[in-house]
4 protein chains.
Amino acid sequence: MTLLADLLSTVFERRYRQPAKGTKDERPAAELVQALVRATSETSGLALAADILADFATMDDDAKLAFFQDISTELNIDPEAVRSTLDDYERTPSKASYRAFMAAAEPRRQELIRRLNAVPGATGALVRMRADLLRLGRGIPALEALDLDFRHLFASWFNRGFLVLRPISWESPAHILDKIIAYEAVHAIDSWDDLRRRLQPKDRRCFAFFHPSMPDEPLIFVEVALVQGVPGSIQALLAEDRLSMPVDQVDTAVFYSISNCQAGLASISFGNSLIKQVANDLAAELPGLKTFVTLSPIPGLTGWLRDKGLEWDTTDPDSMRRLAAHYLLEGKTSKGAPYDPVARFHLGNGALVHKVHSDADTSDKGRSQSGGTMVNYLYDLEQVAQNHETFVTKGQIVASAEVTTLAEAALRSKT
Amino acid sequence: MTLLADLLSTVFERRYRQPAKGTKDERPAAELVQALVRATSETSGLALAADILADFATMDDDAKLAFFQDISTELNIDPEAVRSTLDDYERTPSKASYRAFMAAAEPRRQELIRRLNAVPGATGALVRMRADLLRLGRGIPALEALDLDFRHLFASWFNRGFLVLRPISWESPAHILDKIIAYEAVHAIDSWDDLRRRLQPKDRRCFAFFHPSMPDEPLIFVEVALVQGVPGSIQALLAEDRLSMPVDQVDTAVFYSISNCQAGLASISFGNSLIKQVANDLAAELPGLKTFVTLSPIPGLTGWLRDKGLEWDTTDPDSMRRLAAHYLLEGKTSKGAPYDPVARFHLGNGALVHKVHSDADTSDKGRSQSGGTMVNYLYDLEQVAQNHETFVTKGQIVASAEVTTLAEAALRSKT
Amino acid sequence: MTLLADLLSTVFERRYRQPAKGTKDERPAAELVQALVRATSETSGLALAADILADFATMDDDAKLAFFQDISTELNIDPEAVRSTLDDYERTPSKASYRAFMAAAEPRRQELIRRLNAVPGATGALVRMRADLLRLGRGIPALEALDLDFRHLFASWFNRGFLVLRPISWESPAHILDKIIAYEAVHAIDSWDDLRRRLQPKDRRCFAFFHPSMPDEPLIFVEVALVQGVPGSIQALLAEDRLSMPVDQVDTAVFYSISNCQAGLASISFGNSLIKQVANDLAAELPGLKTFVTLSPIPGLTGWLRDKGLEWDTTDPDSMRRLAAHYLLEGKTSKGAPYDPVARFHLGNGALVHKVHSDADTSDKGRSQSGGTMVNYLYDLEQVAQNHETFVTKGQIVASAEVTTLAEAALRSKT
Amino acid sequence: MTLLADLLSTVFERRYRQPAKGTKDERPAAELVQALVRATSETSGLALAADILADFATMDDDAKLAFFQDISTELNIDPEAVRSTLDDYERTPSKASYRAFMAAAEPRRQELIRRLNAVPGATGALVRMRADLLRLGRGIPALEALDLDFRHLFASWFNRGFLVLRPISWESPAHILDKIIAYEAVHAIDSWDDLRRRLQPKDRRCFAFFHPSMPDEPLIFVEVALVQGVPGSIQALLAEDRLSMPVDQVDTAVFYSISNCQAGLASISFGNSLIKQVANDLAAELPGLKTFVTLSPIPGLTGWLRDKGLEWDTTDPDSMRRLAAHYLLEGKTSKGAPYDPVARFHLGNGALVHKVHSDADTSDKGRSQSGGTMVNYLYDLEQVAQNHETFVTKGQIVASAEVTTLAEAALRSKT
């Protein structure tokens, strides 16, 4: 550990050191970009890259859009070059002909992004750049193609093997906790006291993935409650006056909130690793833990019922649970996937639909999106691979007998 | 720093934890490879990747060669698919058509390598795998092409922005120092006492680049002596009985040895960043440091003289210095690059030829390769970018007046 | 650093490990105390010590008082034993006779406290125990004597050489920052946002002393503002909307708040080291810093003026500054020390009275205690030793010409 | 951990920072000592203390002796002051009278040592100073008394609660490993390769106690082998070509070497905590571990047999084991304690005599001191407190039935 700890301490110290670089290159960004992809020296490359990133950081949206358009057209592939190098390679497969094909088949904007990344601290800046690109480039084919290049590189850089799982606790640095407050997307954290209630008790945990090149930025985090029995109410779980439970008495870990932090890492998936690794780590630490479930919102329920012309009796909890079960098992998109986005995520991970609860989220948001119903997805560590397989290959949703029965009852009763 | 240190400590601890995976998949590696590139679930993908890496580690050279050949042919590009997706993209440039082209133009073996890398600790295993590939695949076009895929990914993963520069000292962990001893390629370290002499005195320094995913493996390191005046003898510099010099009296930093550690990272260049960053860091720490030079071997000298039919008078130090200067400035490969590999490296970095010395390396190796002559390359931090430009664009070697004069004298005297 | 960092990480991890001790010893605390001072085995000693500390933590004030009284009488010195061992030692000075005298002259309650301290985490518990003793034992001679034993041991354990100075920043762990908020005694921190304003800007710093055995507890901390010129208003210094100043432009470090954190460490002085070490460290980091001053309250001013029958004209800032200067230079206790407690602290440290300001603290507290006036004490690092000497040996207060002139004017004008 | 790790990193960095102190005070050490005990300012006190420590470090033995003699006489107690303050206290027990007694009863040389300790890094210097005192002061009553003052303070500073247990491994810093090699006192480590064999295999462990103020200096360390079954040969245990054993198969931890590192901490006992804490930690990590034993030399055996006129038949292993058992159970000093010093240590810790082996240490040293016999002392964690009690209160040695039977057989056979 010693060296590693040490390793990383350097990164930190460097961040605060002013690079002794000379004056900024005042050419327009488009010219700097051309100079950077042609640079032969790492030294001049680094200076150019730093200047481009500094420029970009001060651009308004119009300028950013122009910048992206310039890159996407000027540094695109040349189809003729692809064809001729491909012909050469097919005719004479060799190191040289393959290298020529590779060079032609990859747009130079990928090399641009790699060279920008050589600047210390650039990885975070590139993630923010892609967030801008996603926002500004929506619906513009050339920019959507450019985004595929970013995404291709990010998938390689944010490879699971490079990520580090860290507990987040009340002993974590305040500037990290600041971001947990800012990024919580499911059940808002409304103050430092609220945060403390989610982190300090021994029966509350939080874990996040980090990348070594962005040590101040959590990528995704999950909040966990350790309890006895599968819970059916988020308000009870987060009650201010609840008593903490001794961890040697808990049997269930509840993943009650999972939040992505970086808009610029959209579609780079690491959420499913997170839940499974956290479940494994908790199981190793607390042998008494037998059950790993979520307590999840059902965001699409109300809308889907309306679309289907189904009505429910909000005074009848059983009716609501039946319809929620029906929706989760039968509600599908036009492509046959589960209609509910949260269901898609957990079922795709290999979880199963375990229980549905009425009056489980009595907040305005909960009432509005699902009439207050919530669902537990169960992560059975022995079964997730099998469940995932069943779901992906046969499109089949695995559910508990209880939920299946509820859904069938919904069909019969038509409510 | 706190979080970062913490971050990395995790990596370490995990290494020693046994993954609670089930029994190994007994299918042949080639089948596992096919299964891995087709896997839809991260969980099953991880298990397959771990099994493939474990298999590979136990293979003999024949099996490894077969493995590489299988990958290079089975997971190569399909030229027809490249052509048809390219046509589609040219006809209708869109996100979808570009994505299809990207998928076709990249051989699936790149995705294989990325998926293998998701296993904790896999990065180092892949670096060793490439070392095997370089060794076994030499001269085999398909395997040399496969190597370009490894190299392409490694250039992205070992991007300068992801590397961390660390001092190596007598307070470094023994298992790291073990590797410094093993990897020193220029002036062998023959014992722990020898190592201690190079690390413990305050006027001796060592720095290495590390990658966060290979925290136990230095990638490249440089050894530095802090002295007064530019030195002209490696034996004097490393003398067992020399006295350490107070660091507030030194004016010159001598890079007397630079060694690459990982055969599997051949052609992934980070040496020039290393010297320049170390020079910058030392300049910041010790304001008295004014001069940054190497004390370098001239490995090609004896051979080149023989080839050229030039003879020297080993009893005349001046004659030897003249011929060494002549060789360094005029000795060229058929492509016009400097004949001497060490010269190519430092001149390509923007250094200049500063001084040549006779009787500078009196070891057998030094006598044999260069008649005992050595050279100082000077890193003038203000000039390296300019020197590099001159060298790269005009093929012109920058040298001090003294060395230029020596080389000219060689021409005149023909010795 | 590596080993050290590592060292300490252990301490932390141990805190969370449940000691595998057997059942608690149910004898009354007084009996456990007797058993502990007589224990011959470290193992049984540790168990007894842990039981005593656990007992004490649950006692009410009556029980604590009884506990202290029991210790102070049962484990006091035996005057006859002191006399006879002293006679022996005087007659025959030897290792044995000296040892016997040492044993007799030290009350066994000191050994009790040392043995309690052997339990992991006990140091903090003993500091809290002394806080109770100070509170409950006031005016009871036997308990005040017992406190001298605690103080004697604490002075040894909290020796300056064992303390560690650490920056406190917005990157510090939240549970430490919690304590900064709780312990701030001069200018209350009213929210996490207020705290952030004092820690996050680059021109704001905070430093604390820690003891390695109480890593979660700051002992004392100082808050520093980096500014241009000596400031004269605490509200301006802490204004919510102020702009942060680039640290390469600051010339003055202002120690605007210094707070002791542990009631149980009363009279164990480390405040003066803190200011001087922080000043030294900042001077090394920021060569532009030339001036180190406080911006201090004058808590005794209003009361003293009233006692002296002096009145001031709150509409005349000059009159107020004159009287404040007069008070600071001439207001004395019956023993001749400065009447103002803050003045005593800084003058005893070797600071000098540099400037007085009216309307400098417009809070209710500031108006009430000093009519809003404040004072800068100047720490001239070259002069502090000399100033201290002058103050201690001659009782002479060093002040700037400006303040001296003001004080003299006060005498003349009688206002 | 984060803060703690951070805490300690500071200590380290400071060590390398030059204190910006002025010129050294050139008065003789004896005068500096007088000035230091009278100093009122911490700043001047620190400068004096640093000068005294620097002076001492350069003294030869004569000067050191003079220095010790000066301190021991000039800063001794004043018996008259002790008597009169004691009378006062007895007459009027109060805080003031008790304080006066405390001040008189403690020699000022204790305050001197505490003030010296305020200098960063001084703790180690004081430990070395006491090593000199022990060496030079032997047999001189005044210096032996002075040593009791050092010892009194060290017992407080090196209190078990302040020590940190750390694993020592092949990943530990080389400068620490250097000291392990130097300090190994039982079975010499003859090279770095030998050290590696004792640290790197997973079935070999080493643990040391450290003090936070001496992070580079282990205080005491123990080497552990994890094996199957109780071993009976040190050469087999340390064989160069042995195979490492998977740690999930081991059932026995063997403490085969325990070494004190600091001559200056003689009589400050922490050895027994070390073994017991290591045993507890290993038991928690490896649930398969059931037996904790030593494999210990019997250094006094040969000499004692000679003294007793007993002879053994070196060709008869049984005879040798019988006599060794007899010696361990019956060999006593004039005061009735076990004759063997290693036996005294482990029996005093609560271990029992478990097994004796012939031909267990075939080195020259082993042959010479015990005819090659060795002994296992067993640490039964459930029984150590009881065993200790039996040993201390009744002087009774606990032994296994096997050893008891062997010892009885020795009596019968007279061999």
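**Notes on the model**

1. Let me begin with a loop in chain B: B:Asp359 sits between strand S6 (352–357) and helix H17 (364–370) of that chain. Please keep in mind that this is a predicted model. The phi angle of B:Asp359 is near 50°, a positive value in a residue other than glycine. Most residues other than glycine have a negative phi, so this is a spot to look at in the backbone. With a relative accessibility of 40%, B:Asp359 counts as partly exposed.

2. D:Asp359 lies in the loop between strand S6 (352–357) and helix H17 (364–370) of chain D, and its phi is positive at about 50° although the residue is not a glycine. D:Asp359 is partly exposed, its relative accessible area being 42%.

3. Next, the overall picture of chain A. Its secondary structure comes to 19 helices and seven strands, and its C-alpha atoms fill a box of roughly 70 × 50 × 40 Å along the principal axes. Of its 415 residues, 55% count as buried. Among contacts in chain A with a separation of 6 or more, 71% are between residues 24 or more positions apart.

4. Helix H9 of chain B deserves a look. It runs over residues 141–157, and its 17 residues reach 25 Å from the first C-alpha to the last, close to the 24 Å expected at 1.5 Å a residue. How much of H9(B) is covered? Mostly covered is the answer, as 12 of the 17 residues are buried. Among them are B:Leu146, B:Asp149, B:Phe150, B:His152 and B:Trp157. The cover comes from two chains: it includes helix H6 (95–105), helix H7 (108–116) and helix H9 (141–157) of chain A, along with helix H4 (61–74), helix H7 (108–116) and helix H8 (122–137) of chain B.

5. Now to the aromatic rings. Over all chains, a search of the whole structure finds 54 aromatic pairs. One of these is stacked: B:Trp192 and D:Trp192, at 4.1 Å centre to centre with 5° between the planes. Why does this pair join two chains? It does so because B:Trp192 lies in helix H11 (residues 192–199) of chain B, while D:Trp192 lies in helix H11 (residues 192–199) of chain D. B:Trp192 counts as buried at 9% relative accessibility, and D:Trp192 is buried with a relative accessible area of 9%.

6. An edge-to-face pair is formed by C:Phe162 and D:Trp157, with 5.8 Å between centres and 85° between planes. This pair also crosses between chains, from the loop between helix H9 (141–157) and strand S1 (164–167) of chain C to helix H9 (residues 141–157) of chain D. Both C:Phe162 and D:Trp157 are buried. Elsewhere, A:Phe150, A:Phe154, A:Trp157, A:Phe158 and B:Phe162 form one aromatic cluster.

7. Last, B:Ser400, in the loop between helix H18 (384–394) and helix H19 (401–413) of chain B. Is B:Ser400 buried or exposed? It is buried, with a relative accessible area of 15%. Leaving aside residues up to four places away in sequence, B:Ser400 touches B:Leu352, B:Val353 and B:His354.

Notes
Residues are numbered from 1 along each chain as its sequence is written. Chains are lettered from A and ligands numbered from 1 in the order in which they are written. This is a predicted model: local features need pLDDT of at least 70, side-chain atom pairs count only at pLDDT 80 or more; totals for chains, interfaces and linings use all residues. Side-chain values use heavy atoms; hydrogens and water are left out. Helices (H or I, at least four residues) and strands (E, at least two) are DSSP runs, numbered from the N terminus. Buried means under 20% relative accessible area, exposed over 50%, partly exposed in between (1.4 Å probe, protein chains only). Contact means heavy atoms within 4.5 Å. The expected span of a helix is 1.5 Å times one less than its number of residues. Rings of Phe, Tyr and Trp (its six-membered ring) pair if their centres lie within 6.5 Å; planes under 30 degrees apart count as stacked, over 60 as edge-to-face and the rest as tilted.
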